[in-house]
Amino acid sequence: MIRPSLLLKCSVFAFLYSLFISPAEAQVVVKPTDPCIQYVGRISFQNPERPAWNYPGVQIISAFEGTSAKLVCKPGSGYFMAQVDEAEPFKVAFRGERDSVVTLCTALPRGQHTLRLMYCIEGYEMLPEFWGFIFDGPACMPPALPARTIEFIGNSITCGYGNEANGASDHFQYETENHYYSYAQLCARQLQARAHIVARSGIGAYRHYNGPKTGTPSTNMDKQYEYTNYVTDASLRQQNSFNAQRWDFGRFRPDVVCINLGTNDLSTNNYDVKLFQQGYWELLQMVRRHNPQAKIVLLCGSMLGGKELDVAKKALNEIAEKARKAGDENVFRMDFSPSTGALRYGADYHPSLWQHQQMAAELTAFLRPLMQWF
């Protein structure tokens with residue numbers, strides 16, 4: 001026979017346990033196909049249960065009724081920036097061989113909460129995949145996405161290479177690359193726009209970093225732009241590879257396209273200016289074919305200086321003028337202020353967080369009147 005005092009103690013313990021431990025039945029598994037999930041960026045849905053991508057800036061947004069949320073991804077997917085409601089964003093990582101579930105928040109006030117995630121590194125080595133959420137309440141529709149749209153085409157500067165590093169003597173690490181704080185995303189947030197990113201460190205318009213003078217046609221942006229993800233010759237040879245999928249340009253119509261290339265083309269003193277202009281012109285024509293109504297801004301990055309900066313400015317000015325003479329009145333030019341070290345450096349002399357903030361302010365000031373985004 002159970003003593004009443006013992007029964008009372010057990011009942012109190014069970015009640016207290018229920019306050020702090022959510023039963024398994026309360027967990028709601030939200031699949032990637034759930035209509036309450038919004039996606040931003042170039043993502044392959046070849047397997048709808050495993051959306052995959054490898055460019056930075058991909059966003060996954062949802063909302064839920066409850067107090068806690070977990071993110072489920074393929075182990076080794078890399079780094080995300082997460083934001084719950086309007087709280088300060090924070091970084092979460094999937095780096096271990098078995099890391100597939102990361103807790104994003106617990107003990108929130110009961111009610112509806114919005115969850116925003118952004119992939120903040122280059123994923124061409126990690127091949128990230130999103131596998132879903134685990135909430136302790138039902139998923140619900142998040143706020144509508146911004147109507148304004150921007151596409152950024154770029155290199156390591158746009159990716160946010162080394163912007164969280166201690167200084168120029170540091171070299172590349174995924175831990176110190178944070179695209180969330182790149183000029184591109186800072187500008188997009190200031191303009192209340194959603195952004196698609198097509199960017200890869202080392203890429204160019206006619207040759208990649210320190211490539212041969214004759215160019216590197218298999219790795220240039222005009223080779224990449226028409227695919228959903230960054231591709232290699234090997235991935236193109238693999239049938240059904242998610243990397244080999246052609247991008248459906250009907251899925252995203254940018255109001256403005258910002259191209260920030262040329263730094264790698266002119267990176268070492270064995271470049272060919274005519275080949276650079278030719279490669280850039282061909283890329284511009286490709287971008288225009290797929291975005292006939294968009295304004296296009298040709299940007300000169302902040303890492304060039306001296307002779308190469310002059311070469312880049314002159315070449316881009318001539319390309320913009322050539323476009324106008326050909327009847328394209330919607331090609332524009334803007335130059336970022338060159339890095340001097342006054343705002344410190346990121347890894348390998350890339351822009352620091354403070355330099356990205358300055359670049360974002362400059363580009364925002366340029367785009368706001370151009371697009372009438374007041």
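**Charges, rings and a buried loop residue**

Reply: Start with a charge over a ring. The charged end of K322 sits over the W281 ring, 4.3 Å from the ring centre. This is a predicted model.

Me: Which residue lies over the face of Y79?

Reply: K91 does, at 5.4 Å from the ring centre.

Me: How many aromatic pairs does a search of the whole structure find?

Reply: It finds 18 aromatic pairs. Take Y225 and F249. Their ring centres are 5.4 Å apart and their planes meet at 45°. Planes under 30 degrees apart count as stacked and over 60 as edge-to-face, so this pair is tilted.

Me: Where in the chain are Y225 and F249?

Reply: Y225 is in the loop between α4 (221-224) and α5 (233-237). F249 is in the loop between α5 and β13.

Me: Are Y225 and F249 buried or exposed?

Reply: Buried means under 20% relative accessible area. Y225 has 0%, so it is buried. F249 has 8%, so it is buried too.

Me: Why is the pair of Y345 and Y349 edge-to-face?

Reply: Because their planes lie at 65°. Their ring centres are 5.0 Å apart. Y345 is partly exposed at 23%, while Y349 is exposed at 51%.

Me: Now a loop residue. Where is N264?

Reply: N264 is in the loop between β13 (256-260) and α6 (273-290). N264 is buried, at 8%. A polar atom of its side chain lies 2.7 Å from the backbone oxygen of I203. Its contacts beyond four places in sequence include N155, R207 and Y209.

Definitions and conventions:
Residues are numbered from 1 along each chain as its sequence is written. This is a predicted model: local features need pLDDT of at least 70, side-chain atom pairs count only at pLDDT 80 or more; totals for chains, interfaces and linings use all residues. Side-chain values use heavy atoms; hydrogens and water are left out. Helices (H or I, at least four residues) and strands (E, at least two) are DSSP runs, numbered from the N terminus. Buried means under 20% relative accessible area, exposed over 50%, partly exposed in between (1.4 Å probe, protein chains only). A polar contact is a pair of N or O atoms within 3.5 Å; within protein, one must be able to donate a hydrogen and the other to accept it, and residues adjacent in sequence count only if both atoms are side-chain atoms. Contact means heavy atoms within 4.5 Å. Rings of Phe, Tyr and Trp (its six-membered ring) pair if their centres lie within 6.5 Å; planes under 30 degrees apart count as stacked, over 60 as edge-to-face and the rest as tilted. A charge sits over a ring if NZ of Lys or CZ of Arg is within 6 Å of the ring centre and within 35 degrees of the ring normal.
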